Amino acid sequence: MTNNQIDCMFQYENEQAGPPGGRHILGRVVFGEASTAPAVRDGAPELGLHMASPGFDHFTETWTTDAPAQSGEHRGLVYAHDGEYLFCAGRIPESGTYREQTREAYEAAFELMDRLDYRHVFRMWNFIGGINEDNAEGLEIYRDFCFGRAEAFEAKPDRVHCMPAATGIGSRSGGVSFFFLASRTGATQNIENRRQVPAFEYPPQYGPKSPSFARATRLVTAGGDETRGAVYVSGTASITGHETLHAGDIAAQCELSLENIAHLVSSGNLANGGLEGGHDLKDLRWVKAYVRHEEHLPAVREACADVFPPQTHVVFLNVDVCRDDLLVEIEGIVPAPAY
């Protein structure tokens with residue numbers, strides 16, 4: 001049993017602040033102007049992503065816990081773990097196709113989780129260069145990536161039914177970068193949205209293999225109140241059922257994306273999945289908004305300012321989204337009550 005909590009913080013350019021007193025760094029992700037190979041720096045794994053651009057945000061996302069962590073490397077991954085939480089990150093270099101490399105990278109991550117006994121994956125992020133472009137075989141790169149990811153899940157039958165919250169989003173340079181979070185003893189509860197078809201059940205028109213993720217995952221620490229765990233909301237867009245709505249209308253896409261998140265975390269939707277509790281948009285704290293077109297930034301800023309309170313940390317990134325008719329995607333975290 002543990003009371004150890006994992007937490008997130010955004011540190012902006014030129015800020016020198018370290019983790020809060022008594023906290024220990026589990027991993028860092030630098031949202032900057034270059035994609036860099038994952039490495040262990042100052043005792044913690046770090047991944048550099050080419051996600052920043054003029055007018056948008058440059059920042060480092062730092063994951064901290066209550067306990068000191070041990071770091072290491074495994075089959076091209078870097079990782080750290082503290083006895084309760086695991087952070088691991090990797091990168092697939094730019095290539096003509098990604099199916100095989102993605103499958104191998106995910107298999108390496110699953111192998112690491114099994115070896116270190118962190119079986120409860122609760123959040124994944126994937127940053128994909130040229131996400132809407134075709135690969136060397138004429139398949140969209142995002143669909144190519146999804147193919148390999150799905151095969152990795154299928155090769156681990158115990159994981160197929162526990163696909164966690166995830167984001168698959170564009171990057172400003174080629175290749176695929178990713179990072180995962182997992183827990184040793186915490187309980188994970190995946191959440192779907194009654195207004196949307198589960199991503200892993202999308203029809204074949206979206207590619208040879210459906211995306212492998214849940215709309216959100218709630219993590220409850222061992223011994224904690226199951227209604228009061230942190231909720232990790234996947235990248236959420238203007239989709240109803242499985243179809244994109246409001247093509248070309250940034251204001252309407254923002255509105256529906258936020259409505260989807262609000263419904264997802266609501267007490268009514270959680271109850272539909274057999275879960276107790278419930279939240280509002282104002283409960284989210286660490287939010288990322290991915291904006292396809294630079295000229296849409298003011299509209300997205302305004303939409304977020306209308307629903308998120310001042311204590312919510314919102315960052316904006318100018319990258320492509322997983323479908324070419326989607327203009328914006330938004331993700332966030334409802335923290336555990338201690339934070």
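In strand 6, Ala80 is the bridge partner of Ser71, and that pairing is a handy way into this predicted model. For local features a pLDDT of at least 70 is needed, side-chain atom pairs count only at pLDDT 80 or more, and totals for chains, interfaces and linings use all residues. Residues are numbered from 1 along each chain as its sequence is written, and side-chain values use heavy atoms, with hydrogens and water left out. Helices (H or I, at least four residues) and strands (E, at least two) are DSSP runs, numbered from the N terminus.

**Strand 6 and its partners**

- Strand 5 (residues 70-74) pairs with strand 6 in the antiparallel sense over five bridges; two strands pair if DSSP finds at least two bridges between them.
- On the other pairing, strand 6 runs antiparallel to strand 7 (residues 85-92), and four bridges join them. Val78 has Ala89 as its bridge partner in strand 7.
- Strand 6 (residues 77-81) is mostly covered, with five of its five residues buried. Buried here means under 20% relative accessible area, exposed means over 50%, and partly exposed is in between (1.4 Å probe, protein chains only).
- In a regular strand the side chains alternate between the two faces of the sheet.
- Both faces of strand 6 are covered: Leu77, Tyr79 and His81 are buried on one side, and Val78 and Ala80 on the other.

**Turns and positive phi**

- Most residues other than glycine have a negative phi.
- Arg75 is not a glycine, yet its phi is positive at about 50 degrees. Arg75 sits in the loop between strand 5 and strand 6, a hairpin with two residues between the strands.
- The hairpin of strand 6 and strand 7 has three residues between the strands, and Gly83 in its turn takes a positive phi of about 100 degrees.
- His246 has a positive phi of about 65 degrees, although it is not a glycine. You'll find His246 in the loop between strand 15 (243-244) and helix 4 (250-265). With a relative accessible area of 38%, His246 is partly exposed.

**Helix 2**

- Helix 2 (residues 141-154) has 14 residues and should span 20 Å at 1.5 Å a residue; its end C-alpha atoms are 20 Å apart, so the two agree. The expected span is 1.5 Å times one less than the number of residues.
- Helix 2 is mostly covered, since 12 of its 14 residues are buried.
- Charged residues turn up on the buried list too, including Asp144, Arg149 and Glu151; Lys and Arg count as positive and Asp and Glu as negative, while His and the chain ends are not counted.

**Salt bridges**

- The structure holds 18 salt bridges, each being a side-chain nitrogen of Lys or Arg within 4 Å of a carboxyl oxygen of Asp or Glu.
- Arg119 and Asp114 meet through their side chains in one of them (3.5 Å, N to O). Arg119 is partly exposed, at 40% relative accessibility.
- Glu331 and Arg123 form another (3.4 Å, N to O). Glu331 lies in strand 18 (residues 328-334) and Arg123 in strand 8 (residues 120-129), so this pair ties together parts that are 208 residues apart in sequence. Both Glu331 and Arg123 are buried.
- Glu140 forms a salt bridge with Arg143, with the closest N and O atoms 3.4 Å apart. At 14% relative accessibility Glu140 counts as buried, whereas Arg143, at 26%, counts as partly exposed.
- Through shared partners, salt bridges join Glu61, Arg123, Lys288 and Glu331 into one network.

**Two buried residues to look at**

- Arg285 is in the loop between helix 5 (267-272) and strand 16 (286-291). Arg285 is buried yet has no salt bridge, and Asp283, the nearest side chain of opposite charge, is 5.5 Å away.
- A polar atom of the Arg285 side chain lies 2.8 Å from the backbone oxygen of Lys282.
- Leaving aside neighbours within four places in sequence, Arg285 is in contact (heavy atoms within 4.5 Å) with Pro309, Gln311, Thr312, His313, Ile333 and Pro335.
- Ser257 belongs to helix 4 and is buried, with a relative accessible area of 0%. Its side chain reaches the backbone nitrogen of Ser238 at 3.3 Å.
- Not counting residues up to four places away in sequence, Ser257 touches Thr236, Ala237, Ser238, Val328 and Ile330.

Terms used. Polar contact = N/O pair within 3.5 Å; in protein donor to acceptor, adjacent residues only side chain to side chain.
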